[in-house]
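I opened the model and kept notes as I went. Entries follow in the order I looked things up.

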Amino acid sequence: MPTLLELEREARSCVACPLASGRTTVVFGVGDPHAPVMFVGEAPGRDEDLAGEPFVGRSGKLLDRLIAEELGLERRACYIANVVKCRPPDNRDPLPVEVATCRHFLEDQVRLVAPTVIVTLGNFASRVLLGTGDGVTRLRGRAYPCLGGSLVPTFHPAAALRGGGVVLAQMRADFVRAKGLLADRGAPREGHA
Ligand code: URA
């Protein structure tokens with residue numbers, strides 16, 4: 001298993017799929033490499049492609065707010081990544097071949113960070129990590145075992161920005177579920193102190 005830094009270096013020079021030719025930056029992931037909670041989105045948008053950091057646009061501002069208000073954490077205390085590390089053109093959904101090429105980066109990130117809780121943001125990340133075709137509306141409301149942690153599916157912040165109060169309230173409830181799981185697992189794990 002590489003280190004997180006080695007994995008990032010590998011991703012930064014990756015040209016394994018056609019998204020490489022359209023990217024400004026590889027958006028690998030940011031945050032505490034031993035974070036208790038990891039957020040997983042779909043793919044970088046325009047702002048993220050330019051900044052080299054996931055969730056820095058409008059969706060990211062809402063994510064930061066929910067992290068602060070519902071988990072009582074700062075963004076930098078979490079780890080944040082996407083399924084696909086390069087921006088798809090015109091913000092289209094990543095293609096199956098792009099996901100298949102890129103997913104080993106995410107799976108290794110999850111194994112290396114080893115979060116207690118993984119929060120998937122939206123249909124796309126939830127389906128990829130749970131290996132299901134079900135949508136987040138059906139999946140949310142419970143936690144699932146995933147890569148050694150508990151996975152809590154919730155909506156993508158963009159859905160809350162579009163869909164208003166009901167979606168936001170459901171996201172808040174999902175974040176509360178994540179907080180409960182973090183509390184259940186208690187203090188930092190062995191080797192992570
Ligand atoms: N949407 C995502 O899924 N990821 C980002 O990094 C930004 C917006």
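This is a predicted model: local features need pLDDT of at least 70, side-chain atom pairs count only at pLDDT 80 or more; totals for chains, interfaces and linings use all residues.

Residues are numbered from 1 along each chain as its sequence is written, and side-chain values use heavy atoms, with hydrogens and water left out.

Next I looked up polar contacts, meaning pairs of N or O atoms within 3.5 Å (within protein, one must be able to donate a hydrogen and the other to accept it, and residues adjacent in sequence count only if both atoms are side-chain atoms). A polar side-chain atom of N82 sits 2.8 Å from a ligand nitrogen atom. E42 has a backbone N or O atom 2.8 Å from a ligand oxygen atom. For A43, a backbone N or O atom lies 3.1 Å from a nitrogen atom of the ligand. I then checked the ligand's cover: alone it exposes 240 Å², and the protein buries 90% of that. Those areas come from the Shrake-Rupley method with a 1.4 Å probe; for residues, only the protein chains shown count as cover.

In what order do the six strands of the open sheet run? I read 1-3-2-4-6-5, with mixed pairing. Strands here are DSSP runs of E with at least two residues, helices are runs of H or I with at least four, and both are numbered from the N terminus. Two strands pair if DSSP finds at least two bridges between them. Strand 1 (30-31) and strand 5 (144-146) are the edges, each pairing on one side only.

**Strand 2.** I followed strand 2 (residues 37-41) next; four bridges join it to strand 3 (residues 79-82), and the two run parallel. Another four bridges join strand 2 to strand 4, again parallel. M38 stands opposite Y79 in strand 3 and opposite I118 in strand 4. V40 has A81 as its bridge partner in strand 3.

Is strand 2 mostly covered or mostly open? It is mostly covered, with five of its five residues buried. Buried means under 20% relative accessible area, exposed over 50%, and partly exposed in between (1.4 Å probe, protein chains only). V37, F39 and G41 point one way, M38 and V40 the other.

**Helices on the sheet.** Helix 3 (residues 58-71) lies across strand 2, strand 3 and strand 4 (117-121), at about 150° to strand 2. Helix 4 (residues 96-113) lies across strand 2, strand 3 and strand 4 too, at about 165° to strand 3. The axes are lines fitted to C-alpha atoms, for helices over the stretch in contact (heavy atoms within 4.5 Å), and angles run from 0 to 180 degrees between N-to-C directions.

I picked out R58 in helix 3. Why does R58 count as exposed? Its relative accessibility is 62%. R58 and A35 are 23 residues apart in sequence and 23 Å apart in space, C-alpha to C-alpha.

**Backbone check.** Most residues other than glycine have a negative phi. I noted N91, a non-glycine with a positive phi of about 60°. N91 is in the loop between strand 3 and helix 4 and is partly exposed at 45% relative accessible area. L147, also not a glycine, has a positive phi of about 45°. L147 lies in the loop between strand 5 and strand 6 (149-154), and is partly exposed at 36%.
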